[in-house]
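Hi everyone, thanks for coming.

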Amino acid sequence: MPNAAKILVVDDEENIRWVFQKALVKRGLEVDAAASAEEALEKIQTSDYLMVFTDIFMGGQSGLDLLDAVKPIAPGLKVVVMTAEDTMNNTIEAMRRGAFDYIGKPFDFDEVYALIDRALKSRAAARPEGEPEGPAGREGFSLDAIVGKSRRMQEIFKTIGRAAPADLAVLITGESGTGKEMVARALHYYSPRRDKPFICINCAAISRDLLETELFGHEKGAFTGAVESKEGKFELADGGTLFLDEIGDMELALQAKILRVLQDHQFFKVGGRSPIHSDARIVAATNQDLAKLMEEKRFREDLYHRLNVIPVHLPPLRERMEDVPLIARHFLGRFRGVLGRGDIHLSPEAERIFLGYRWPGNIRELENVVKRAMVLASSGPILLEHLPPSMTEGRSPEFWEDRLVRLIDDYLKQSPHQKDGRLHEHLTQAIEKCLFEQLLKEHAGKQVPVARKLGINRNTLKRKIDQLGIDLKKVKNRH
Ligand SMILES: Nc1ncnc2c1ncn2[C@@H]1O[C@H](COP(=O)(O)OP(=O)(O)OP(=O)(O)O)[C@@H](O)[C@H]1O
Ligand SMILES: [Mg+2]
């Protein structure tokens with residue numbers, strides 16, 4: 001049995017978990033267990049499972065919630081829902097939400113084995129030998145796993161799971177770099193439109209006139225330079241999904257035209273006479289505050305309501321800090337192969353900085369910081385010096401205290417003075433010497449400002465300089 005054939009069983013009843021483990025291990029399968037949907041989700045994000053068997057009713061989130069939530073993070077994963085016999089509706093609901101299958105409780109393990117065989121076969125058929133498993137769609141459309149275990153992200157996963165199959169407009173809001181485009185892609189990937197195109201257009205990056213022809217296309221001769229007729233994004237996205245990125249930046253006149261397409265499901269090319277039918281699902285995104293834009297009459301309210309049928313708000317990363325280490329590790333894993341950095345990992349102090357940082361650029365910034373650090377730290381751990389200076393400067397007192405604690409910790413472990421009974425003297429002298437030398441260097445050897453800065457008497461400083469053997473000439477010559 002290939003070792004990737006790992007199974008996760010999710011049930012709040014310990015008995016069931018135990019029985020599963022016994023039965024499957026006997027078959028040479030590897031089995032993990034989780035007592036709740038929350039725990040399962042965390043495991044799914046850090047391990048590679050062939051399939052999951054989950055109970056529906058558990059304390060906390062249900063198995064159906066879990067089913068919704070895993071779609072965006074582990075697209076290939078096969079989820080089997082276990083139901084009590086009288087929950088017909090749940091069974092239908094489970095299948096509608098994309099369960100691989102369901103089994104009624106109490107069940108026969110032959111049924112379970114048969115399902116596992118089917119999952120193994122379907123995986124083997126889905127990818128040629130040796131090709132890594134990944135959620136790659138047809139014609140280059142691929143989906144990266146959306147990572148996150150915070151409650152806020154779990155809610156988003158569920159919304160994606162539920163909204164994807166519905167043919168309704170979705171409006172994604174959130175600060176720059178929070179993953180809006182990722183969510184748009186996931187919505188397409190899990191919709192019945194998945195094999196049709198996903199077309200993306202950034203409304204902020206294109207000038208007004210060009211945007212109109214990009215969206216609607218143009219006829220031959222519509223304007224100077226229009227030597228051929230061209231299809232617009234609405235036409236290209238027919239049957240698929242049209243992602244209108246940065247919709248808040250679109251001009252009012254064009255907003256009116258978009259609104260008309262949404263109402264009539266048809267449009268005209270620039271310079272065209274005959275209407276063209278469009279069946280594209282609209283997903284829009286913006287990092288702007290549309291309520292404010294509407295107040296200022298810069299965004300049409302009617303268009304807003306057309307787009308905002310299903311709202312998805314992505315919280316900034318600083319409001320879901322528990323996701324930071326997980327996402328950082330995700331990027332480390334992703335770039336390890338690309339950059340050829342096998343053993344690279346995050347040092348505890350780098351992780352601490354990550355957790356204390358505000359991440360104004362959100363996940364995109366985290367991605368860039370990880371990438372940069374991996375290039376700088378050619379192997380081994382990512383240390384503070386591999387992070388952008390702006391992240392490590394201007395830290396809080398707790399931060400410095402923390403570093404000092406760890407420094408002293410190391411000193412205590414490795415210092416040669418450990419056993420001579422003069423540890424206090426050695427350490428405090430070493431620190432004082434360092435401190436005085438640095439400050440004297442900064443002030444070109446002038447003792448008055450240094451004593452003032454230290455808050456000690458000038459004579460005391462003089463005495464210490466003698467005692468510690470600080471070479472004033474050397475200190476002065478540095479500057
Ligand atoms: N939850 C997540 N897990 C893993 N990667 C993520 C996640 N969210 C975002 N990313 C990655 O972060 C980067 C930024 O995401 P994306 O482009 O979707 O953000 P955005 O909100 O559209 O940003 P912008 O407003 O700057 O266009 C991408 O490389 C994306 O793959
Ligand atoms: Mg974007």
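Predicted model: local features only at pLDDT ≥ 70, side-chain atom pairs only at ≥ 80, totals over all residues.

Let's begin with strand 1 and its partners. Leu-8 stands opposite Val-52 in strand 3. Strand 3 covers residues 51–55, runs parallel to strand 1 and is joined to strand 1 by four bridges. When I say two strands pair, I mean that DSSP finds at least two bridges between them.

Residues are numbered from 1 along each chain as its sequence is written, and chains are lettered from A and ligands numbered from 1 in the order in which they are written.

Back to strand 1, then. Strand 2, residues 30–34, also runs parallel to strand 1, with five bridges joining the two. In that pairing, Lys-6 stands opposite Glu-30. How does the chain get from strand 1 to strand 2? The path goes through helix 1, residues 14–26, and this β-α-β crossover is right-handed. Right-handed means that, with the strands pointing away from the viewer, the path from the first strand over the helix to the second runs clockwise.

Is strand 1 enclosed or open? Four of its five residues, 6–10, are buried, so strand 1 is largely enclosed by the rest of the structure. Buried means 20 or more other C-beta atoms within 10 Å of the residue's own, exposed means 12 or fewer, partly exposed is in between, and the C-beta atoms are placed from the backbone.

Helix 3, residues 63–73, packs against helix 6, residues 151–163, with the axes 7 Å apart and at an angle of about 90 degrees. That makes the two helices roughly perpendicular. For the wording: under 35 degrees is roughly parallel, over 145 roughly antiparallel, 65 to 115 roughly perpendicular, and the rest oblique. The axes are lines fitted to C-alpha atoms, for helices over the stretch in contact, and angles run from 0 to 180 degrees between N-to-C directions.

Who meets whom there? The contact residues divide into five nonpolar, two polar and five charged. In this scheme Ala, Val, Leu, Ile, Met, Phe, Trp, Tyr, Cys and Pro are nonpolar, Asp, Glu, Lys and Arg are charged, and the others, Gly among them, are polar.

Next, an open sheet of five strands, with parallel pairing and the order 7-10-13-6-14. Strand 7 (198–202) and strand 14 (310–314) are the edges, each pairing on one side only. Neighbouring strands are turned by 15 degrees against each other on average, direction ignored. Strand 7 pairs with strand 10, residues 241–245, over five bridges, and there Ile-199 stands opposite Leu-242.

In strand 13 of this sheet you'll find Ile-282. Ile-282 is buried, with 22 other C-beta atoms within 10 Å. Leaving aside neighbours within four places in sequence, Ile-282 is in contact (C-beta atoms within 7 Å) with residues including Leu-242, Leu-262 and Leu-307.

Last stop, the loops. Trp-359 lies between helix 14 (348–356) and helix 15. Trp-359 has a positive phi, near 50 degrees, although the residue is not glycine. Buried or exposed? Trp-359 counts as buried, with 21 C-beta neighbours inside 10 Å. Lys-297 also has a positive phi, near 60 degrees, but Lys-297 counts as exposed, with 9 such neighbours.

Finally, Arg-318 sits in the loop between strand 14 and helix 13 (324–339). Arg-318 is partly exposed, with 13 other C-beta atoms within 10 Å. Sequence neighbours within four places aside, Arg-318 is in contact with Arg-358 and with Trp-359.

Terms used: Contact = placed C-beta atoms within 7 Å.
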